[in-house]
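This report concerns selected side chains of one protein model. Please consult the sequence and the structure shown below while reading.

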Amino acid sequence: MGVEVGAQAARSRALAVLRVRSRALAVALLPAAVAVVLLVGGSTGHIDGPGWAVTRWIVTGFALFVLLSAAGIALVVARSRPAVSPTVTIAEESAPDLYRMVRDLADRLEVPAPSAIALTPDCDSWLEDRTHPAHGPPKPESRDEIAGVPGVRGLPSAHRRTPAAPVLVIGSPFLWWMRVGELRAVLAPVVAGTGPSAHPDIAAARRFVRGLDAAVAVTSAPRGPLSRTVLGGVGWVARLLLRSCRGHAAEMERGVAAAAAERAQAVDYGLRIVAQEQVGLAYAGWDRLLTRVALPAWRMGRWPSRLDAGVVAALTELSRRDRLAEGFASRLGERPACDLLEEPGAIDEAASLLAARLFHGGPSETGPDWAPVDWDEYPDEVVDRKWRTDAARLHRVLDALGVSRSSRAGGSSPGAGAGASDPEGPTLARVMDHLSAGGPGDSGDSGDLGVPDDPVVVERREASAYAESAYEEEDGGPENERSSALAAGLSAEVAREEAAVSAEPAAPSGAAGQVGPDMALWDDGSLPLFPLQPPRTGRELLADHVTAMVCCAAMDTAGAAPGLDWLDGPSLLINGERSVDLGPRVLSLIEEGDAGPLRTWLLHLGIRPEKPVRLV
């Protein structure tokens, strides 16, 4: 009964959307109808006179203008490509068991089966209509090709016609963390939505709304003056129609969702309650893995190639640490949903690359500055390299500020500028002495750089001064002037490096024949679509760089090692144990200028701050 009520509500709202389309068509035809009446009346002599002839020509010209404008608007709406979610398409030959499970589920629900299955690097699942002609695969150029040959390695065949049923999009973390029964229960309400989607009125209403939305996007793109003027009118009409049917479309989708949820009640209802708990847990683990583990690697030009496998490791670690999650560990003995794939490793790699592009904006292909990294190589390839790169940047900024490289000198000696040789090498003591309130050079004078005419040094000093003023406005004034100046210099240096990377030409899309995102279906010119974190503040940058310098000193002088914590990301391993008490001591140094807690910590662990460290 609830299914019929929801479906009926969705159909009534779909008719309301179609009535908006009919009214728009009637408004476009009204001037033509008036012109026809005037022309017929004039030819028969019923509407005649000196003023009616001019009226007929004016109305006829206006009617032609309206008809041509309406035809142009309809053409733009019909030909505009609706937005498509970035996904990794899974061909049936790459996951026959998964397709079989979805079809069996559709048979039990008595609804049409989805036309295809795709993965998204997110913790969500939905149905997506890709019936627009622009979303279809290109036609083969040669007629000598053999029909029916399947696509290679997970890409859809070029001969396959675009089906009418929607595509089932599944969150890739679900496949690796959930068991087969749990995934089936989670997908039941989603697959049930193919039933209402097959209704002609609902399908027509959705096409109309998607067309209007795509037309608005097309008319909003930057163009020339003439095109901007013409498309501005088209965009105004499309926005007006979209506002008129937006409420009805939202209610229609609510009715479709309600009908699908009611239909799915009879399938795995008890298991679905447990599966929903796994959805929340997977989302928490996925978010933490991206922000704590993947993001540092992306910033270093490396993208973890097994993110979904990392979700399992992260949630397993969470189960070990959190007593509330201990019950979830017992389910790991059941069959995971990723076993439904023929090549889970290749699919995980494609989804991981798509995640890097969506959340960070990396290139579409691997290269010298954008390479995959396995989890066992993560500590050396990412953590160690990240710390040494940050430490090198920290010392470059100190050089630009004129801070002496000697930990025992009070300031810059004459002629010892940014490019002066350093027999001792970069040391942690130099950073600590500079940031300490009672350290050397406490007069606040940054000293003579020694090479005032060097354009690079001058540019860094000007950028640091500008960034320092912005930093003070953002944080409400620094507690430590030296920390503020150093943080401003780091912000300027990082911004300069990011600008240089952004200026590089984008790499071409992936080669055909490889498992990868559906590059032809979506525009990736505005990546990242979903940046994980806002830009880091100067204080956060300074804390990260000082921490990196401490870790470098610990590795080079005390035998520490870089490590990977699945929940916290890069970590310092001292005698095989993860260090968890470094952060507060670093904050005490940069915020209060108090190096005492950090010096005590270093002394206790046998770390030599006066010894030079190796940088990248």
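Leucine 25 is exposed, with a relative accessible area of 52%; exposed means over 50%, buried under 20% and partly exposed in between, with a 1.4 Å probe and protein chains only. This model is predicted: local features need pLDDT of at least 70 and side-chain atom pairs pLDDT 80 or more, whereas totals for chains, interfaces and linings use all residues. Residues are numbered from 1 along each chain as its sequence is written, and side-chain values use heavy atoms, without hydrogens and water.

Leucine 25 belongs to helix α1; helices (H or I, at least four residues) and strands (E, at least two) are DSSP runs numbered from the N terminus. On the surface, Leu25, Leu29, Leu64 and Leu67 make up a nonpolar patch with about 360 Å² of accessible area together. Accessible areas come from the Shrake-Rupley method with a 1.4 Å probe.

A search of the whole structure finds two aromatic pairs. Rings of Phe, Tyr and Trp (its six-membered ring) pair if their centres lie within 6.5 Å; planes under 30 degrees apart are stacked, over 60 edge-to-face and the rest tilted.

| Pair | Centre to centre | Angle of planes | Type |
|---|---|---|---|
| Tryptophan 375 and tyrosine 378 | 5.9 Å | 45° | tilted |
| Tryptophan 375 and tryptophan 566 | 4.9 Å | 75° | edge-to-face |

Tryptophan 375 lies in the loop between β6 and α12 and tryptophan 566 in the loop between β7 and β8, so their pair ties together parts 191 residues apart in sequence. Trp375, Tyr378 and Trp566 form one aromatic cluster. Tryptophan 375 is buried, with a relative accessible area of 15%, and tyrosine 378 is also buried.

Note on methods. Patches are made of residues with over 30% relative accessible area and no salt bridge: like charges are joined within 9 Å, nonpolar side chains (Val, Leu, Ile, Met, Phe, Trp, Tyr) within 5 Å. A salt bridge is a side-chain nitrogen of Lys or Arg within 4 Å of a carboxyl oxygen of Asp or Glu.
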